[in-house]
Every structure is written in structure tokens, then in C-alpha cells.
There are 2 protein chains.
Amino acid sequence: MPRYNILPTAKRRNGEQVHPCVACEIRELAVCSVLESHELDELVSILTSVDCDPGDAIFYEGDPADHLFNVTSGAVRISKLLPDGRRQVTGFLFPGDFLGLAFNESYTYSAEAVGSSTLCRFPRRDLERLLSEHPKMERRLLGMASNELATAQDQMLLLGRKTAREKLATFLLMLSARAERRGHDANPIDVPMTRADIADYLGLTIETVSRTFTELRKGGLIEPQGATNIRLPDPEAVRDIAGD
Amino acid sequence: MPRYNILPTAKRRNGEQVHPCVACEIRELAVCSVLESHELDELVSILTSVDCDPGDAIFYEGDPADHLFNVTSGAVRISKLLPDGRRQVTGFLFPGDFLGLAFNESYTYSAEAVGSSTLCRFPRRDLERLLSEHPKMERRLLGMASNELATAQDQMLLLGRKTAREKLATFLLMLSARAERRGHDANPIDVPMTRADIADYLGLTIETVSRTFTELRKGGLIEPQGATNIRLPDPEAVRDIAGD
DNA sequence: CGGGAAGTTGAAGAGCGTCAAAAGTAGTGG
DNA sequence: CCACTACTTTTGACGCTCTTCAACTTCCCG
């Protein structure tokens, strides 16, 4: 079960109390990047911090869409189910990513924490009011939505037309690129999700994912460094396999 | 080759000259729905009408993204290619749908007319200026983008987890629902696209699409009424097959 | 009519899924 | 620290859905 907290004030190294958003490491990536320091106060006033353990549900498909979120640490998995249990993971969200941008009354997908994660939660009504008062936030959100749309189309190309090998290669490069965008190392890649998550994201089974990882490892294209860490000795070779 | 025209004024039945957007049949579905009559003038001043024959390219993946579009008649196909020619159709657009919403410098996909189609074309710079002056247009666009995202996720579920049979059934119901939303009949469905388009949209081959159509026809689930028309004798049965 | 594209059908094969079992990993408590 | 359990991952054998390749048919437009 997620834990909901009011946002604590953060401390600078010298002990000075500062606005929590000002200390937020991923603010530049999030919606908040367009707000001035004094405007952040309005955001904080409607915001709750949410701590999640691995596997915690943030919301389920069909739940009333009362809240919007911003991932601040960890990783979140977005998924949809067919009635018989087949699952499609439609995306992984990382710090800075926005969650819940479906202007319907209900969520059309489920969201769960992959590893330990934290999120900023905004009541939808309050955020919508804030948005209409700050068109630049709306513009920022439109930009983020456009990017998500482009990502979704890349994923459709992957799901519809790529082989298992190409899918895995593309997946690893995606993780690498997203880590880099958040200021982390691009190369030894952190892979926090399980085989089941990866399989459901790539439209494969866990067995095929496992076999394909083995195949890439034996081909010298990946070097596992631990349970959740993979090194790419030759990123260009992986790029060649990924295709697009 | 598409033909570019300045937007002609439209005539009411009594011969009165009226603003072309006022006569536009699909205005309620498009971005334009949020604008007052006098605000439409600003839109018309930056707009060019584009007529396309079947197969005409509207733009290609990689082209500089200088224009945005609104489909006003016909149908448009959005697609991406892999270097070796494998193609994924990521969506079909119908009257009222917005095209080009990728705030990058280049288009990340190609757009082509499926049948004879017309579009409203806006220079990107001009439209962006207009958007920043009319936050309600921006809000409308954000809403449309959210809907597209939800559609994209449905399509990922289809591509990653559905069988050929389920894919075809879902596809037909999608066409039916979209026709209805535009005020057309939901049941004898107009299917203007080729087997190749359908195959590349559903992540299948043309042969599998053809075989599956035959199978559905022999099962009494669809009744072809002509080259581009299909009747569903029992829509509920099709819904059962579609799954979600 | 006639020619080219679009669609259908058949036979064979590949890639990935399914089922099953073994091996590895993590957490828990004595 | 080790044993016990539960879960995740890997590996193997086999089967099925969909693809590939090929031939044939139908449709359409000059």
C-alpha cells in the first residue's frame, strides 16, 4: 500500500530550510520546470507526496481519475489487461514523467510501482484550476503529451514489426537514453523491472525474453553486471540490431 | 500530388456567402469547436485548403515539421518505416482529427491520403502564435492529445497481445465507432483502406488479413456488401471476439 | 476487352508460445 | 550462519499461429 505524506520542507547542506520543490532534483524535467519560485507555492499547496514499495498499485484501470501524478523517484509501470488476463505494459515512467494525463472520468490503464518509488500527487480539480490560470503549464503539458505520443508510435512500430531480438535491443537502448536524459550513466544500464514486465512491454513471453537475453549475452552484445545491471560493450552493435 | 488552395467562401442554400468554417461540417469535432465566429477569421487568415488524391503524401517522416493539419474529408494514414521497408501504420485519421501534433523540428512519421481527402493546413509558426493567444485552443488540443494517447495504448494492447481474429474484430468495431462519432451509420461499415494498410496497422501480413476476413465471413460474422463496405449482422458477437 | 493492381487461397516453414522441469536468488527464522 | 521456502529466471522439447513463397482469381480503369 502506498503511503501518503504532506511534502516535508527540504534542508540544504548548511541546514537552511528551503522550499521542497526547489530542492527537487528532477524539477527541470517535470511540469514544474516552467514555474517561477513563487508560483511553486501554489503547486505545493495542493500536493501530496506518495511513497510506494515495489509492486504497490498507484491506481487501477477503471478507477475514477481523481488525481494526477508526477514521478519523482523510482520507476512506474503502466498497463492494460484483457478479460482473460493477458497484459500489455504500455509504458515505463521515470522521475520527471507525468502520470494520469487522460482527461476522462476514469483511468484507462493501471499504474504500479516497479521498484520503491515516490510521486507527487495532485487532485485533478485543483490542478485543472491551476492549469487554466497558468497557460504556460498547459503548454508544457501539451509538449510532454506530444513527446509521449511520439514514443507511443515508436512502441507500435516495435510491437507490430520488430523481432524478439530487435525488441530487446530497442528496449535496452531506450533505458539507456532515458537514464542519460535524467543525468545518469548511459552505459551500465539499470534494469529494475522483472522479465514478466519486460515481456508484457515487448509483446513477448518471459521465456522468449530470457532466451533472447541469453543469446545476446553469448553473442557478446550484453554483459550482465548483477541482478539489475547490464553493460553494453558495444552500444553501436546494439543500435544496429535495434534497427530504427 | 496534393493541390493547395486558398479556402473558398461557402454558400448557404439561399445563396448567401458565409464564412467557410461556419459551413464546415466537422467543425464541432475539430480544434475549431472552441472558437467563436469572429475568432475563426484569425484561423482562416493563416489557413490553406489541401486536396489529396488517393495515395498522395501529405508529408514524410523526417521532413521539417512546418505545418499542422486538420482532416476535413476522406481518411489519412500515419505510418513509420524500418530501414528494410517493414512498415507500421500507427493510425488512421478521419474528418475532425488533428495531424502533425509533434512539437519536434521534424515529423516522426509519414502521412498519406487513403482515399480522396481534404485537409486544412496551418503554418506551424502562425498556429503556435494563435495558440498562445487563445489558451482555450491549447486546452482543446491537450484534450485531443490525451484522447490520442488513450487510443495509442489501446493499439499497443492490440499489437502486443491480441490474435489475428481479435485484431480484425477490434479494427472493424473501431471503424464503426468512429463513423458513428462523425454522424454516419455505425453498421454497414465503410472500409476505405487496402489489405496492405490494414495488415500494416494490425501488425499482420496481407495474407493473414485476407484469410481472417474469409474466416469471419464463413462464420457469418461479417457480410461484405461491396469493395469497401462491410455489414455486421451481429455486432455483439464481433464485440465478444474483439475481447476488450 | 486487356493489363496491372488488389485480393484470395494453398503448402511449407519459421519464430515464438506453451508446458515442464531445473537452477538460481532472496527473504525468513531458528 | 545455514536451512527452508517461495519466487524469479533459465533451459529444453514440442506445437501452433502466423509468415513466406507461389499461383490463381477478381476487380478496376483505360
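## Surface near DNA strand D

A residue counts as near a strand if its C-beta atom, placed from the backbone, lies within 6 Å of it. In this predicted model, 16 residues surround DNA strand D by that cut-off. The closest are A:Arg195, A:Ser210, A:Thr214, B:Thr208 and B:Ala227.

Both chains supply elements to this surface. H7(A) gives the most, with six residues. By class, the surface near DNA strand D holds six nonpolar, six polar and four charged residues.

## Relation of the two chains

The same surface serves both copies: of the contact residues of chain B, 100% recur in chain A.

## The contact between chains A and B

Chain B puts 33 residues into the contact, and chain A puts in 33 residues. On the side of chain B that touches chain A, strand S8 (87–93) and helix H4 (135–161) of chain B each supply at least two residues. H4(B) gives the most to that side, with 19 residues. The side of chain B that touches chain A has 16 nonpolar, ten polar and seven charged residues.

## An open sheet in chain B

Four strands of chain B form an open sheet. Their order is S5-S10-S7-S8, and the pairing is antiparallel. Strand S5 (57–59) and S8 of chain B stand at the edges with a single partner strand each, so one side of each has no neighbour in the sheet. From one strand to the next, the twist averages 30 degrees.

Strand S7 (residues 76–81) of chain B pairs with S8(B) over six bridges, in the antiparallel sense. One residue pair can be named here: B:Val76 has B:Leu93 in S8(B) as its bridge partner.

## Helices against S7 and S8

Which helix of chain A lies across S7 and S8 of chain B? Helix H4 (residues 135–161) of chain A does, running at about 125 degrees to S8(B).

Chain B has a helix of its own on the sheet. Helix H6 (residues 195–202) of chain B packs there and touches S7 and S8 of chain B. The direction of H6 of chain B makes about 105 degrees with that of S8(B).

Note on methods. Residues numbered from 1 in each chain as written. Chains lettered and ligands numbered in written order. Predicted model: local features only at pLDDT ≥ 70, side-chain atom pairs only at ≥ 80, totals over all residues. Contact = placed C-beta atoms within 7 Å. Nonpolar A, V, L, I, M, F, W, Y, C, P; charged D, E, K, R; others polar. Pairing = 2+ DSSP bridges. Axes fitted to C-alpha atoms, helices over the stretch in contact; angles between N-to-C directions.
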